[in-house]
Structure formats: structure tokens, C-alpha cells
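Here is a short tour of a protein model.

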Amino acid sequence: MKIILPKPCQENWETMSPQEKGRFCAVCSKTVRDFTNDSDDEILDYFSEHSSQNICGNFYESQLNRNMQYSFINSLF
């Protein structure tokens with residue numbers, strides 16, 4: 001899976017209100033999930049569990065536009 005943002009949000013992450021798993025964007029009235037400290041496995045699991053939802057997220061540039069690696073070894077235990 002690759003995460004590609006063709007039209008990245010222009011809102012400032014730092015001005016959003018802190019929430020448990022991210023920040024709240026008052027402009028679009030949504031919680032923006034912070035993925036910057038998540039592993040590929042955690043990101044892939046989150047997107048699998050929330051596949052029917054429109055997800056807003058904060059990512060490092062290095063997390064985008066690349067094939068994410070899922071660890072099958074960790075999944076077996």
C-alpha cells in the first residue's frame with residue numbers, strides 16, 4: 001500500500017486543537033489523526049480497520065509515496 005496525497009490539506013497542524021490521537025481541525029470539523037510516530041504495521045492496520053471512512057492524517061514526508069512494509073512475522077504471534 002502507498003499513501004499518496006494528491007491535494008494535501010493546507011491547514012496548519014500547529015494551530016489545531018490537540019486531541020488524544022491527533023488534532024481537531026476547526027475548518028473542516030474533523031479529527032486529523034497523527035501517524036508520525038506510527039510504524040508501517042500500525043498505519044496499515046488503522047487503514048484496514050477504517051477502510052470505509054474518509055481519513056485525514058498527519059504524516060512525515062518520508063511516510064508518503066512509498067510502498068509500506070507489513071511485517072508478517074509480528075502478525076503471527
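## Cysteines, rings and a pocket

Cys 56 is partly exposed, at 26% relative accessibility. Here buried means under 20% relative accessible area, exposed means over 50%, and partly exposed lies in between (1.4 Å probe, protein chains only). The model is predicted, so local features need pLDDT of at least 70 and side-chain atom pairs count only at pLDDT 80 or more, while totals for chains, interfaces and linings use all residues. Residues are numbered from 1 along each chain as its sequence is written, and side-chain values use heavy atoms, with hydrogens and water left out.

How many disulfides does a search of the whole structure find? The search finds 0. A disulfide is a pair of cysteine sulfur atoms within 2.5 Å. The sulfur of Cys 56 has its closest cysteine sulfur in Cys 28, at 5.0 Å, too far for a bond. Cys 25 also has its closest cysteine sulfur in Cys 28. That distance is 3.5 Å, again too far for a bond. Cys 25 is buried, at 3% relative accessibility.

Next come the aromatic rings. Rings of Phe, Tyr and Trp (its six-membered ring) pair if their centres lie within 6.5 Å; planes under 30 degrees apart count as stacked, over 60 as edge-to-face and the rest as tilted. The count comes to 4 aromatic pairs. One of them is stacked: Phe 35 with Phe 59, at 4.7 Å centre to centre and 5° between the planes. Phe 35 lies in the loop between strand E3 (30-34) and helix H1 (40-49), and Phe 59 in the loop between strand E4 (57-58) and helix H2 (72-75), so the pair ties together parts 24 residues apart in sequence. Helices (H or I, at least four residues) and strands (E, at least two) are DSSP runs, numbered from the N terminus. Both Phe 35 and Phe 59 are buried. Tyr 46 and Phe 47 form an edge-to-face pair, 6.3 Å centre to centre with 80° between the planes. Ring pairs link Phe 35, Tyr 46, Phe 47 and Phe 59 into a cluster.

| Residue | Relative accessible area |
|---|---|
| Tyr 46 | 19% |
| Leu 44 | 11% |
| Met 68 | 7% |

Leu 44 lies in helix H1. Its C-alpha atom is separated by 9.6 Å from that of Lys 2, 42 residues apart along the chain. Met 68 is in the loop between E4 and H2. The C-alpha atoms of Met 68 and Ile 3 are separated by 8.3 Å, with the two residues 65 apart along the chain.

Ser 29 and Asn 65 each have a positive phi of about 55° although neither is a glycine.

Last, the largest pocket holds about 530 Å³ of space. On a 1 Å grid over the protein atoms alone, a pocket is an open set of points where a 1.4 Å probe fits, with protein on both sides within 12 Å along at least five of seven lines; lining residues have an atom within 4 Å of a point. Points are joined across faces, edges and corners, and a volume is the space filled by probe spheres set on them.
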